[in-house]
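Please consult the sequence and the structure alongside the text.

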Amino acid sequence: MTRLTWTTGDKATPWREVDTDSLSLTTAWQRVLKLIGLVSDMATGANTPPITLDASGVSGKGCPLGVPLAQEIRRKVPYAVNSTEGGYLAICPIYLPDGEDSFRVELDHCPRLESLNVKFQILQPSDFTVLAERDPVYLDHLVTKPAIATFTGLDDGDGYILAVAADLTSGNVGAGGALRVVFPRMGSVIGPDPTKGIGDDISLNTQAGATSAVIADLVDLDSTWIGDEYPIDARSVDAAARNLATLDEMILGRPAMGANASYTLANSTGDSDPADDAFLSGSRSLYANEPVMDFPLWTWHGGVCPGDGGLGNTLGRVTDDGYPPGVKANISGGTALVYQAGMFPDFKVSDGTGLRVTALFYSPDGSVAGVGSTPRFWVRAYDETLSTMATSTQVHGSWSNPTGNWHVAEVTLADFNEDKIGMIGVGYDTSVGVMKANDGSSLRLAGCSAYFVKV
Amino acid sequence: MSGSNPGATSANPLSDTETAANAPAYASIIERLGGNAWRLFQQLAGWADDGPPSIEPNPQGRHGRDYSGPPYGPAKRHPIATFTGRRNSTYVEGTEHWNHLSVNASSALHLPMRIWVRPHHVHPGAPYSRGYWTLYGARALAGSHTLTMNQVNYSAGTGAVQANTMSVSGSTGALYDWNDDGAESDFYTPLVPGWNHVELWISSNSATKFYIDSLVLSQWVKLGH
């Protein structure tokens with residue numbers, strides 16, 4: 001048994017070799033079977049395919065996904081902000097997945113406030129260097145219209161700081177509203193005839209698949225089936241057709257078209273177990289080397305932050321409530337400043353993907369958080385019953401420190417509630433330190449983001 | 001990777017009859033096998049170096065599967081839009097963080113929102129055509145009451161307001177969803193590809209505050225057939 005393998009230089013079958021009345025060439029049949037083998041290897045990741053899919057859109061590695069980086073809903077709450085050195089209406093880390101180097105960002109604002117100019121910036125997380133900046137946008141206090149900017153030419157697969165800077169000096173009032181970072185591409189949404197294998201056959205039930213469904217194996221297509229003057233036998237044709245039917249469903253996620261219904265794929269135990277995912281989804285369910293991809297989960301910003309002028313003294317706040325959240329007391333084991341619940345995709349952490357959380361902290365007095373010792377960045381994953389699944393921490397010594405006031409921390413979670421509803425908590429742990437009094441000077445969580453990355 | 005598409009329109013797989021022993025060796029058999037393999041390659045790669053792909057563009061206007069639901073790959077379940085807050089506690093600065101939500105009988109919540117929904121193949125039951133709500137929250141005091149959610153998406157359907165209720169209980173945080181923990185539900189937010197203008201109201205029949213620390217609209221429907 002020698003598996004037919006696609007090698008560099010092989011070509012797909014030209015139409016003239018398979019047209020009616022063409023000669024039945026051995027090479028033509030070999031090309032067909034090799035191509036089927038290539039598709040199979042690319043989909044499963046088996047046999048070291050020449051192309052590894054990562055949804056980057058580069059060199060045939062699959063189409064970028066277009067999943068938004070941020071769609072944070074907000075009440076439009078006004079702030080009384082009066083910094084002597086300006087500041088940010090919103091500032092948070094973002095991660096551009098593979099294949100995405102441009103995006104559109106929008107920030108809502110409150111029409112009841114004074115008008116002000118804002119400018120969108122992309123900052124280098126390591127030193128806050130301004131990598132790109134869009135001209136000031138005038139927010140008219142009479143119009144409910146978001147401030148919008150578009151950035152292009154960034155590096156995909158990289159993390160950045162997204163900032164909406166504003167002149168928040170004396171007399172101005174600002175608001176940080178809903179934040180959206182999206183890839184607004186829109187082509188055809190009609191597609192092929194939905195009666196051919198899709199449409200009503202797609203169940204809305206999350207309990208996917210019939211109980212009698214079969215997860216078909218892909219069959220190796222053997223070189224010994226083909227030789228000069230050999231007949232094209234039914235065995236090889238049947239094996240090729242069977243593989244194609246399986247691959248069609250696996251890749252496109254729709255029921256097999258035409259016949260071969262006995263090869264119909266379905267998840268065997270319902271919606272909650274990636275291990276039985278019969279489809280090509282990066283879940284590494286059936287195939288250990290199934291290609292994976294970057295995948296954004298959520299991004300959050302904590303609201304208005306001043307520049308380096310200092311939060312505690314130079315910000316003419318009304319109350320503490322307008323700040324990004326911070327911790328005011330010692331907490332052994334850590335506590336969450338923000339929570340995000342919701343549905344998680346069916347990736348497997350530590351099996352080709354990692355759930356990474358990046359946070360941006362602001363230290364009002366320039367020291368580390370106004371605590372007597374070193375805080376720890378703290379992230380926890382919960383399942384649907386709110387039982388803890390994993391906790392990751394990072395001590396301040398490992399945080400990057402772009403300026404005296406800003407700090408960037410990053411951890412990878414060891415687990416999460418894959419393919420189910422669950423929750424992440426992000427905050428910090430002061431169990432090793434002593435907090436200052438509640439004077440508004442403690443470390444503040446300015447923003448954070450969570451995303452899956454290839455590992 | 002190069003080559004000519006031998007059967008750009010040969011989308012139909014072979015039937016069992018056609019692949020059986022002693023079946024006629026029509027030229028279309030190998031043409032369809034080669035054509036289908038080439039079509040699937042392009043769906044995976046989204047690209048070919050010998051010219052424009054012969055497959056139709058996906059809903060993003062690009063080529064290849066983008067996990068936006070059949071026939072462009074299985075849909076991924078994930079949050080579409082998030083509200084993330086935190087109620088005051090002993091440890092958190094401020095008396096009640098500005099981004100925190102609470103609701104009681106005298107104070108309902110109203111959240112207008114503008115949401116981008118991934119372009120997807122429009123057909124009945126497309127996974128991205130429905131969004132389901134999940135929230136994490138707790139009552140200020142022990143006990144239980146009912147929350148009512150009203151919602152409308154002015155960009156989808158008739159624009160009619162839909163309503164549903166949910167029982168909440170206890171003063172410790174819990175996860176709630178309007179989809180009955182995975183069972184199919186008629187209460188969902190209809191979504192269309194592109195921008196969606198959704199308004200959400202949450203009201204309560206109790207004088208006791210219900211704190212909402214996280215409110216999320218998720219793509220919930222996984223593939224099934």
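## Strand β18 of chain A and its partners

Pro296(A) has Tyr451(A) as its bridge partner in β18(A). Strand β10 of chain A (residues 295–301) and β18(A) are antiparallel and are joined by six bridges. Strand β13 of chain A (residues 353–362) also pairs with β18(A) in the antiparallel sense, here over 10 bridges, and Thr353(A) stands opposite Lys454(A) of β18(A). Two strands are taken to pair if DSSP finds at least two bridges between them. Helices (H or I, at least four residues) and strands (E, at least two) are DSSP runs, numbered from the N terminus.

Strand β18 of chain A spans residues 444–454, and nine of its 11 residues are buried, so the strand is largely enclosed by the rest of the structure. A residue counts as buried if 20 or more other C-beta atoms lie within 10 Å of its own, as exposed if 12 or fewer do, and as partly exposed in between, with C-beta atoms placed from the backbone.

## Basis of the model

The model is predicted: local features need pLDDT of at least 70 and side-chain atom pairs count only at pLDDT 80 or more, whereas totals for chains, interfaces and linings use all residues. Residues are numbered from 1 along each chain as its sequence is written, while chains are lettered from A and ligands numbered from 1 in the order in which they are written.

## Trp298 of chain A

Trp298(A) lies in strand β10 of chain A. This residue is buried, with 25 other C-beta atoms within 10 Å. Leaving aside neighbours within four places in sequence, Trp298(A) is in contact with Gln340(A), Ser449(A) and Ala450(A), and also with Pro79(B) and Thr82(B). Contact requires that the C-beta atoms of two residues, placed from the backbone, lie within 7 Å.

## A helix pair in chain A

Helix α1 (residues 26–44) and helix α2 (residues 234–252) of chain A pack at about 35 degrees, their axes 10 Å apart. Axes are lines fitted to C-alpha atoms, for helices over the stretch in contact, and angles run from 0 to 180 degrees between N-to-C directions. From α1(A), the contact is made by Val32(A), Leu33(A), Ile36(A), Val39(A), Ser40(A) and Ala43(A); from α2(A), by Ala240(A), Asn243(A), Leu244(A), Leu247(A), Met250(A) and Ile251(A).

## Chain B

Buried residues make up 55% of its 225 residues. Of the contacts in chain B with a separation of 6 or more, 70% are between residues 24 or more positions apart.

In helix α2 of chain B (residues 27–45), 17 of the 19 residues are buried, so the helix is largely enclosed by the rest of the structure. Gly46(B) follows α2(B) and has a positive phi, near 70 degrees.

## The four-stranded sheet of chain B

Four strands of chain B form an open sheet in the order β3-β9-β5-β6, with antiparallel pairing. Strands β3 (109–117) and β6 (162–169) of chain B stand at the edges with a single partner strand each, so one side of each is left without a neighbour in the sheet. Strand β5 of chain B (residues 144–153) pairs with β6(B) over eight bridges, and Gln151(B) stands opposite Gln162(B) of β6(B).

Terms used
Expected span 1.5 Å × (residues − 1).
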